[in-house]
Amino acid sequence: MSTLKTTDFADAWAYIAKKCATSDEMRAAVVTAVRMVQTDVGVTVDGKLGPGTATAVQAANSFKNWVFPLQAPKRGATVGISSHHADSNPSRPTHRGADIMYKRDGRWHVPACAAVLASFRGTVVRREERSNGWCLAIETADGHIYQHRHMAEPYVALGKVVMTGEKLGLLDQTQNPPHVHFELYARGVYDYNRSLDPRPALAEMRVVKQ
Ligand SMILES: [Zn+2]
């Protein structure tokens, strides 16, 4: 997602231009697809993959535009992940999400009344009470799904569109210490066993203070 480089687009475009030179139909299909992407990311719609489009696509796919899933204390604490996704944490092969807390003076710390935040604009596609707290999933326009577990009853209804940084609710008290379990899914792969390791994405996200 955030690993595409401008040169990848230039190479892809050169390849497409060469391969499609003899096929007007294929070339038209590619131009249509590029125009759709350009409309999505808000650049000039000319059907050509130039550096401007590449940069805009990169920015749209960057987690720098996302918000860290848990509000931070006003001061004196750092973002903490107490238990990583299995891909970064072989000792917990079935733990396919990251447990988010904060650290203060070397100890895990969860701010009182810290809200769980919408990391990116999207639609609430799951809102379910489970034995380990409420589970809330949000699907972005490009099909990514991110999901929070161990919440108190969420403020937002199923089907609602939430904005980046919107308060979704609070943590519940089923976990000790309370934390958000955060999961991230690639487009079309909403399957716990195939969830992505959110570690690199979380590292890019903007932390919002209380
Ligand atoms: Zn967890």
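**Legends to close-up views of the predicted model**

**View 1. Contacts of L70.** In this predicted model, L70 touches I100, A114, V116, L117 and V180, leaving aside residues up to four places away in sequence. Two residues are in contact if their C-beta atoms, placed from the backbone, lie within 7 Å. Residues are numbered from 1 along each chain as its sequence is written. Because the model is predicted, local features need pLDDT of at least 70 and side-chain atom pairs count only at pLDDT 80 or more, whereas totals for chains, interfaces and linings use all residues.

**View 2. The largest nonpolar core.** L70 and V116 have the most contacts inside the largest nonpolar core, which has 32 residues. Such a core is a set of buried Ala, Val, Leu, Ile, Met, Phe, Trp, Tyr and Cys residues joined through C-beta atoms within 7 Å. A residue is buried if 20 or more other C-beta atoms lie within 10 Å of its own. Two or more residues of this core come from each of β2 (98-104), β4 (115-117), β6 (133-139), β7 (145-151), β10 (180-185) and α4 (199-204). Of the 210 residues of the protein, 28% count as buried.

**View 3. Helices and strands.** The protein has four helices and 10 strands, in the sequence order α-α-α-β-β-β-β-β-β-β-β-β-β-α. Helices (H or I, at least four residues) and strands (E, at least two) are DSSP runs, numbered from the N terminus.

**View 4. The two domains.** Domain 1 covers 6-61 and domain 2 covers 78-204, with bounds from an automatic or database domain assignment. Their C-alpha centres lie 34 Å apart. The C-alpha trace of the protein spans about 65 × 35 × 35 Å along its principal axes.

Notes
Buried ≥ 20, exposed ≤ 12 C-beta atoms within 10 Å, placed from the backbone.
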